[in-house]
Amino acid sequence: MRIVMMATGDIAIPSFLALHESGQLVGLVTQPDRPVGRHMKLTPPAIKQQAQALGVPVLQPESVRAPEALEELRALAPDLLVVMAYGQILSQQVIDIPKLACINAHASLLPRHRGAACIQAAIEAGDDETGVTIMHVVRKLDAGDIICSESLPLRGTETAEVLHDDLAELAPRPLLLAIQQLAAGTAASIPQDESLATYAPKLARADGCIDWSQPAFQVARKIRAYHSWPGSYTQYPSVKKGVHVPIKIFPPVDVFSTIVKPPDAGPGTVLEAGSDGLLVSCGGPGGGAVRIWTLQPPGARKMNVESFFAGHTIRRGMVLGNAPQD
């Protein structure tokens with residue numbers, strides 16, 4: 001079988017290597033090199049570097065819908081297209097190119113968490129499990145019939161960064177199984193239950209702003225879910241500068257679902273600030289608080305609370321959050 005993989009994200013690398021080891025991979029379609037970092041250095045996707053090292057032909061169309069891109073893809077004569085974290089919406093013309101099928105490896109247990117931020121969504125929702133689903137590609141987002149899936153239990157402590165890597169290592173197993181079944185003509189094609197579908201759209205940096213009015217457990221989940229993109233942050237009123245200063249917050253955080261607080265300690269109020277961490281009041285049903293251990297002020301490295309308080313002042317009674325609007 002001639003397989004072409006369409007992938008850009010690092011989560012696809014283990015699956016790409018597994019396809020190469022199977023001896024069936026004849027090409028990779030990935031996103032163009034992009035400027036990265038402070039100096040905006042043009043950088044290829046890591047999966048492209050893997051492909052070049054293995055001698056796998058690489059296509060990098062700006063738009064896979066363009067006529068010239070379609071012709072290049074057809075020239076590879078794929079029996080199967082395997083899509084995983086590619087980053088472009090496929091037209092029906094692309095879907096129809098392979099002789100056998102166009103399939104997608106998606107990092108959730110569909111129909112739950114369709115969309116780009118499926119890993120973050122599973123953590124933020126407090127799911128007991130997630131996994132990888134192999135499905136047929138259709139024009140509607142992540143809505144194709146399911147071939148197979150493999151689940152992964154969640155411990156309730158994972159960050160998105162850790163879960164991303166766990167799912168990357170898991171994905172080759174259901175993917176290779178699906179390919180084997182497709183080749184044998186025994187693959188399932190199970191329609192998704194639309195009534196169970198949820199959506200996890202692509203995240204923006206602004207999504208990382210912490211909403212202290214949420215319960216403590218939800219604030220903690222979000223901090224884990226958004227590490228390391230888009231990250232979690234809040235603001236504090238700087239005594240020295242006289243303005244609200246943004247600070248990044250990192251996991252792990254401790255959750256106190258019930259805690260005795262002063263009557264005026266609303267969401268975002270600092271309850272403790274010292275070597276025992278930064279304890280912040282949360283809202284929502286049950287209230288509670290979270291204890292933070294690792295922070296990063298603007299223009300500085302990530303640091304523990306003791307190092308932070310050596311150069312910055314956050315006092316008990318301060319209220320974290322966006323600056324008040326006039």
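Guide: In this predicted model, Met 40 sits in the loop that runs between strand 3 (34-36) and strand 4 (41-43).

Visitor: What is the phi of Met 40?

Guide: Most residues other than glycine have a negative phi. Met 40, although not a glycine, has a positive phi of about 50°, and because its relative accessible area is 53%, over the 50% cut-off, Met 40 counts as exposed.

Visitor: His 113 has a positive phi as well; is His 113 buried or exposed?

Guide: His 113, with phi near 65°, lies in the loop between strand 7 and helix 5, and its relative accessible area of 6% is under 20%, so His 113 is buried.

Visitor: Which peptide bonds are cis?

Guide: As a general idea, most peptide bonds are trans. Here the bond from Leu 110 to Pro 111 is cis, with omega near 10°, and Pro 111 belongs to the loop between strand 7 (101-106) and helix 5 (118-124). The bond from His 227 to Ser 228 is also cis, with omega near 15°, and Ser 228 is in the loop between helix 8 (216-225) and strand 10 (232-237).

Visitor: Where is Arg 291, and what does Arg 291 touch?

Guide: Arg 291 is placed in strand 14 (residues 289-296) and counts as buried because its relative accessibility is 12%. A polar atom of the Arg 291 side chain lies 2.9 Å from the backbone oxygen of Asp 276, and the residues that Arg 291 touches, leaving aside those up to four places away in sequence, include Val 253, Phe 256, Glu 272 and Asp 276.

Definitions and conventions: Residues are numbered from 1 along each chain as its sequence is written. This is a predicted model: local features need pLDDT of at least 70, side-chain atom pairs count only at pLDDT 80 or more; totals for chains, interfaces and linings use all residues. Side-chain values use heavy atoms; hydrogens and water are left out. Helices (H or I, at least four residues) and strands (E, at least two) are DSSP runs, numbered from the N terminus. Buried means under 20% relative accessible area, exposed over 50%, partly exposed in between (1.4 Å probe, protein chains only). A polar contact is a pair of N or O atoms within 3.5 Å; within protein, one must be able to donate a hydrogen and the other to accept it, and residues adjacent in sequence count only if both atoms are side-chain atoms. Contact means heavy atoms within 4.5 Å.
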